[in-house]
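Colleague: Please take a close look at one part of this structure and walk me through it in a connected way. I would like the cut-offs behind each term as you go.

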Amino acid sequence: MRTHRRGIVAALVTGLVVTAPLVALAGPAAAATSTVVINEVESNGGTPGDWIELKNTGATSVDVSGYILRDNVDTDAYTIPAGTVIAADGYYAADVAAAFGLGSADDARLYLPDGTTLLDSYTWTAHAATTYGRCPDGTGAFTTTGSSTKGAVNDCSVPVSTDLKINEVESNGGTPGDWIELTNIGATPVDASGYILRDNDDTHAFVIPAGTTVASGGFYAADVDPSFGLGSADSARLFGPDGTTLVDSYSWTAHAATTYGRCPDGTGAFATTASSTKGTANDCGLPATPPGVKINEVESNGGTPGDWVELINTGSTGVDLTGWSVLDNDDTHTAVPLPAGSTIAAGGYFVVEEATLGFGLGAPDQARLFDASHTLVDSYSWTAHAATTYGRCPNGSGAFTTTTSSTKGAANDCGVPVKINEVESNGGAPGDWIELINNGSSTVDLSGYILRDNDDTHTFTIPAGTTVAAGGYLAEDVETAFGLGSADSARLFGPDGTTLIDTYSWTAHAATTYGRCPNGTGAFETTTASTKGAPNACAGTVTTSPWPGGATIATADDANVLGGNMSGLVYQASGTSAPGVLWAVKNGPGTLFRLIWNGTVWTPDTANGWGAGKALHYPDGTGDPDSEGVTVTAAGPDGGVYVSTERNNSANGVSRPEVLRFDPTQAGTSLTATGEWNLTADLPVVAPNSGLEAVTWIPDSYLTQNGFVDQATGAAYDPGAHPGHGSGLFFVGLEANGSIYAYALNQASGAYTRVATISSGMPGVMDLQFDPETQSLWAVCDDTCNGQTETLAIAKTGTDAGRFTVGNAYARPSGMPNLNNEGFVMAPQAECVNGLKPVFWSDDTNDDGHALRAGTIDCTVVTGPGGGQPGGGQPGGGQPGTATVSLGLGTITAGSALHLTASGFTAGETVEVWLHSAPVKLATAVASGAGTVNLTVTIPASTTPGAHTLVVNGVTSGITGSAALTVTAAAVDPGAAAPVVNDAAGLAATGSSVTVPLTVALLLALLGVALLGFRMRRPSRP
């Protein structure tokens, strides 16, 4: 029996030994779990949404399978997928938005798989400007990070606050000397420790002492005189603690009689204050000026012939306006003095036109009136264009409001901002009706207002309690009171029944309806369709479709690096699927930037003098071209960078629409034009700031293959008729009228020939891009058109055959605010992944401190001539075709070799082979003389089993082919098993799991039990 017991014990020990791996592998060790902490939190819409980042601070990997993340609601839970392991010192970023969103006052909590054991948590009361993260990384307390670093080491640099503003400047001997005052316009205190103040000399610096905090709405006055004095023509500049990030600045050309300060305090433009108020709110009382002269009405959205500012003299005597000036909210714009002899009579009006201003008015913007001593007399600011104009109501004395109609040079129209907008006189639904629109900025009560036809005895009274919201519509079915005839009128009266507010008469029924075009403000015309209670359908109005790409938009530059006035873009492909070079122009001062991708954002190239961009000049080396658009030819930048311009900023009151050519290889920090084409004589007369906004280049090969017509001859476009023009045409867009003009530019003489004029149907064109993938000319409008874009192509048939016509109009992506985007460009086909490729916009206004934004656009390749047969691609801007791809196997084991052939590429071009969906480049080859590739690739052993796509892409031609591929799991060596590990970038590296060791251990355990049973059945020895 003792022998029998020893056998039982031995067998049990054997079973315990072989099952020991089950215990060791059942879950993470208790000691290891304590090394995983919450490290960074994005609560305000990251990519693709809110996320929580974990870090393993230990020296060994930790399996976090089944761990649970929650916000401050216990029922909200995100379970970390099985097989997730965080390497030592590694990261794991969980995109929790699919399970729950993180609020502005919320928690991030990490639990063990039991759902009750809390490992770590962090609570916040407001969204971070960037993210919340531990500083130092992994171990420190949570703070606002310098930037978001999802799946990587936290950015613990001190974030620079944009809430600190220079507010007042004493440059002429204050108490005890010169000083610069800051204010905090934000809602929370700002630690200003280490921020740096400078004048216009970079060697002069005043460092704000440690411990200096500026309260919300508070002030801090720095006595800079011990460090430097401020001159009569100088600057005050505020930098972040790094000494390079410019936070705010102000420049002046003469000492102020008092001080220079922002009016309104903290947010307005700088002006001469009424008195010095060091460390307190600015004294914005207006110095003595001629009584009665003030701003009365403002047109900011393209009047006749452009934007304008109307002045009124409410005084009893005339005023000499010689030397007075008007500025917008941009102090870099030159204040152009009104000429000698400019006077305004008592009770009279004086209109300052855009041509005199030298700039256009934006949304948002400001109009500021200065007297001859450059003392601020009056100002008005707005945040959006008015449907009509902004004007004082009552005229000359009241506050500014949206006027009922534009009254340039006359008394403001301060009547009810409600207009008759559309009329159905021939049996609508349910009968005749009259539609009203509220063009004002606030709700209007129309209770008791009266509608009549041309018979005073016919009356329809609008019911009590009827209101119309700002920009809203009210369609009244008047047929219950009267019908509208074929020759009749629609009239709107006030509740008194005698005050006529608006009227429209017609002599015959409309085929559809009569409506104002443009909607709400224009003259009446026959609409293209009835739109009762909605915006009018006007001839030429294009209905927009949803953006053909992703909805998500992200900033694509570092904050406050590029600044305002960024305009046109053009993309230089790398020749591979890697990002290339983004070229951009700034319109003031005229500057060309060479931007490169640093892995996170586009940033100025710091080599060869490009660090701050290169200033642009005319061929004689002078001037400051107002640079709006940029393009290159098939030769790329080495063949010249072409820039469209509106005027010379040094003489900004004169229109000068030109195309300039620059050699980007010129040394130094500026470029002098090597070619000039002045199109002034050939284009319509436009205001100085309404000229050439856009330029792109289209190859002759595309134009001739698609039957483009030379409108000058009426015949098919013949490149040979334009000697010296190169291998394509330049298409330029005019801001003033939305038209596009095609030119052959003689590269040697500067001569030009207009080949075509194209209507975009939009009020203005801000950028143009030709996309060879879709064979489309893209035309872009800014916030004036709510960010609308259009594609144009050459019509094949009909009366427009051979001409570019609008094919599609697209709304901006839903994630894109209505910004003043003046630049637009898409990446090449080589960067297409999963049917999407990058697209970029530049924002002239630099909203939120960013000039560049990125999104995605569909990149389905179109077929070339012959229905997409191999060889259909045309390199150099022609028509991409589709390649044929054949695989040696349709199903393959991960880690195995796969033979493939593909045809249809351009001879000698580089061809890349990619495995999708998570894109992995497998190989690069060169197409044979017949346009084929024949090679063997290895499918990575880490490839996730399942359906995949193998994509073969011609880098130069854009020709792409694909084939379906099924990948099965690789065979696993139990002795070399490796878990799924998340590397420092937060990306899963797929390998074998604990399944195989567990299976082996289980089999061994069963064997031990069987041996135990066998020994128990053996008889005892005698």
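Modeller: At 47% relative accessibility, Asn786 counts as partly exposed, a class lying between buried (under 20% relative accessible area) and exposed (over 50%), computed with a 1.4 Å probe on protein chains only. This is a predicted model, in which local features need pLDDT of at least 70 and side-chain atom pairs count only at pLDDT 80 or more, while totals for chains, interfaces and linings use all residues. Residues are numbered from 1 along each chain as its sequence is written, and side-chain values use heavy atoms, with hydrogens and water left out.

Asn786 lies in the loop between strand 62 and strand 63 (789-794), where strands (E, at least two residues) are DSSP runs numbered from the N terminus. Although Asn786 is not a glycine, its phi is positive, at about 60°; most residues other than glycine have a negative phi.

A search of the whole structure finds 36 aromatic pairs, that is, rings of Phe, Tyr and Trp (its six-membered ring) with centres within 6.5 Å, called stacked under 30 degrees between planes, edge-to-face over 60 and tilted for the rest. Among them is the tilted pair of Trp547 and Trp778, with 6.0 Å centre to centre and 55° between the planes. Because Trp778 belongs to strand 62 (residues 776-780) and Trp547 to the loop between strand 43 (523-526) and strand 44 (554-555), this pair ties together parts that are 231 residues apart in sequence.

Notes:
Helices (H or I, at least four residues) and strands (E, at least two) are DSSP runs, numbered from the N terminus.
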